[in-house]
Amino acid sequence: MSKETKQLTADSEDLEYKLNLRNIEKKDIPHILELTNKIYSKLNDNWTYEQIEALLKVFPEGQICIEDKGEIVACAFSIIVDYEKFGDKHTYNQITANCTFTTHDYDGDVLYGVDIFVHPDYQGLRLGRRLYDARKEMCENLNLKSIIAGGRIPGYTKYANKLTPREYIDKVKAKEIYDPILTFQLSNDFQVKKVLKNYLPSDNESHAYASLLQWHNIYYEEENDKIINTQTQVVRIGIVQWQMRTLTLETLFAQIEFYVDTISAYNADFVLFPEFFNAPLMSKYNNLNAADAIRKLAGYTDEIVEKMMEFAIAYNINIIAGSMPVYENEKLYNVSYLCRRDGTWDEQYKLHITPDEAREWGMQGGNKLKAFDTDVCKIGILICYDVEFPELSRFLADQGVKILFVPFLTDTVNAYNRVRLCAQARAIENEFYVALGGSVGNLPRVNNMGLQYAQSAVFSPSDFNFPKDGIISEATPNTEMAVIADVDLYSLKELHQQGSVRNLIDRRKDLFELKWKGK
């Protein structure tokens, strides 16, 4: 992909990715066949139109794909079976009825993984993991006991003369050997039950062996009518309490990826970075005055946002990319970016500029306020000082925001408390959650950025369904760490209608109103 294609700017409407997870339709079959021809060129038995059509007839809900701008780039096929009829010694042809799929049984108890594949150009973006997550969601919502699949072990061909299939699998489990399929399946919480012989005779790379894999549904007794893409009641938030230290661009990316990887491993839906978390890059320009140095820092913003978008897709997590300086039309702004895990992005300019930002950097405020749709719920972003203006939060609440993210940067305890106490007030006033993320440490070689003080936290309204102090979770003050917290959206719904007090419903709109004069 050319640099021109990949470049991301604040004004650009071109997106590198626009991912959508959905069910497969009959019209998709020719495109899927083109994809499987690329992937299974080494196997003698590729998919046929009739086989995919049969899957769609018996179990349309179980056939899912990921498309990018309308092009299918990954697929997962599944059926439901009564597993006792087959047991642990079956072959692929037996459990699929020679790919006619007459073995599908809506009254069965196991979701059986028939196939999963990803376009070669999209491998490395963890789309396979996203499909597995959708399968798990399907299994839970259909109230099935488990997911079972026979997994190929293509790496075995290199070790067949030295190891038995069981020895090979044990070494893959111990991470002594990497297998492109089994390693991936193990990383997705599947367990190996046994080795299958003659599972897929045409699979020469695996020598016709396969690993029988199982993922247990711990929510087996629960019922749910929906299958995939259901909005969750409980949302998991991760906050990075960022340590300011001297960094190059390369080490900055490594540090960002570490936190994104770590927090996404907890199945978080969002990760929040602080305001000006990329400030360490200004140490290179410490010979300049503060205003010129931060304009140099603005030159890195597009590249960092592009990398954040890659991480959002690869780790399947929505990233609030703190805030970074943007220099456009000879004006300097402070901008936060929302990098969604579906490959889209958005931005929120800081509206209120502190006297120090205006005096030292010549920064100016933006003029737009946005409520952002995500795959989880509607969110808002206010950068630091903006949370001290209650009108902004109320505008967002009126648009249905459920979580407000506040990336901040403060140098002293009293500065931090202004942000913290106002954030807690916004949570109570607007009956939503507020996530606060800041930086700690110091940057002795960066002008106007010497000291940092923070205690990142997640705040809630104050009522019976919430913590008595309105604090869901908070970090240790001035310590590098991550905060991970769950927030319950259903509790907000109950609060709106049945709370001890109802700040949103009880407003005296006959006496006053809130009106936006900007764009």
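Guide: Let us begin with a term: helices (H or I, at least four residues) and strands (E, at least two) are DSSP runs, numbered from the N terminus. Please keep in mind that this is a predicted model.

Visitor: In which helix is Gln-424 found?

Guide: Gln-424 belongs to helix H13.

Visitor: Is Gln-424 buried or exposed?

Guide: The general idea is a cut-off, since buried means under 20% relative accessible area. Gln-424 has 17% relative accessibility and therefore counts as buried.

Visitor: Which residues does Gln-424 touch, leaving aside those up to four places away in sequence?

Guide: With those set aside, Gln-424 touches Phe-459, Asp-469, Gly-470 and Ile-471.

Visitor: Across which strands does H13 lie?

Guide: H13 lies across strand S16 (403-407), strand S17 (433-437), S20 and S21, and runs at about 165° to S17.

Visitor: What order do the strands of the open sheet have?

Guide: The open sheet has six strands in the order S14-S15-S16-S17-S20-S21, and its pairing is mixed.

Visitor: Which strands stand at the edges of this sheet?

Guide: They are strand S14 (371-372) and strand S21 (471-474). Each has a single partner strand, so one side of each lacks a neighbour in the sheet.

Visitor: In what sense do S20 and S21 pair?

Guide: Strand S20 (residues 457-459) pairs with S21 in the antiparallel sense, over three bridges. As an example of such a bridge, Ala-457 has Glu-474 in S21 as its partner.

Visitor: At what angle do H12 and H13 pack?

Guide: Helix H12 (residues 390-398) and helix H13 (residues 413-430) pack at an angle of about 40°, and their axes are 10 Å apart. Their crossing is right-handed. On the H12 side the contact is made by Pro-390, Ser-393, Arg-394 and Ala-397, and on the H13 side by Arg-426, Glu-429 and Asn-430. Sorted by class, this contact of H12 with H13 has two nonpolar, two polar and three charged residues.

Visitor: How does one read the pair H2 and H3, and what is the angle at which their axes cross?

Guide: The axes of helix H2 (residues 29-39) and helix H3 (residues 49-58) cross at roughly 125° and come within 10 Å. The two helices are therefore oblique to each other. The crossing of H2 and H3 is right-handed. H2 brings Ile-29, Pro-30, Ile-32 and Leu-33 to the contact, while H3 brings Tyr-49, Ile-52, Glu-53 and Leu-56. By class, the contact of H2 with H3 has seven nonpolar residues, no polar ones and one charged residue.

Visitor: Let us turn to another strand. How many residues of S12 are buried?

Guide: Strand S12 (residues 331-339) is mostly covered, with eight of its nine residues buried. As a general idea, side chains in a regular strand alternate between the two faces of the sheet.

Visitor: How many bridges join S10 to S12?

Guide: Strand S10 (residues 318-320) is joined to S12 by two bridges, and these strands run antiparallel. Here Ile-320 stands opposite Leu-338 in S12.

Visitor: In what sense do S11 and S12 pair?

Guide: Strand S11 (residues 324-328) and S12 pair in the antiparallel sense, over five bridges. Glu-328 stands opposite Lys-331 in S12. S11 and S12 form a hairpin with two residues between the strands, in which Asn-329 takes a positive phi near 50°.

Visitor: How many bridges does S12 have with S13?

Guide: S12 and strand S13 (residues 345-349) pair over five bridges in the antiparallel sense. In this pairing Ser-336 stands opposite Gln-348 in S13. S12 and S13 form a hairpin with five residues between them, and Gly-343 in the turn has a positive phi of about 95°.

Visitor: What is the phi of Lys-69, and where does this residue lie?

Guide: Lys-69 has a positive phi of about 55° although it is not a glycine. Lys-69 lies in the loop between strand S2 (64-68) and strand S3 (71-81). The cut-off for exposed is over 50%. Lys-69 has 52% relative accessibility and so counts as exposed.

Visitor: Where is the place of Asn-198?

Guide: Asn-198 is in the loop between strand S6 (191-196) and strand S7 (210-216). Its phi is near 55°, a positive value in a residue other than glycine. At 53% relative accessibility, Asn-198 counts as exposed.

Key: Residues are numbered from 1 along each chain as its sequence is written. This is a predicted model: local features need pLDDT of at least 70, side-chain atom pairs count only at pLDDT 80 or more; totals for chains, interfaces and linings use all residues. Side-chain values use heavy atoms; hydrogens and water are left out. Axes are lines fitted to C-alpha atoms, for helices over the stretch in contact, and angles run from 0 to 180 degrees between N-to-C directions. A crossing is left-handed if the near helix is turned anticlockwise from the far one by less than a right angle, and right-handed if clockwise. Contact means heavy atoms within 4.5 Å. Ala, Val, Leu, Ile, Met, Phe, Trp, Tyr, Cys and Pro count as nonpolar, Asp, Glu, Lys and Arg as charged, and the others, Gly among them, as polar. Buried means under 20% relative accessible area, exposed over 50%, partly exposed in between (1.4 Å probe, protein chains only). Two strands pair if DSSP finds at least two bridges between them. Angles under 35 degrees count as roughly parallel, over 145 as roughly antiparallel, 65 to 115 as roughly perpendicular and the rest as oblique.
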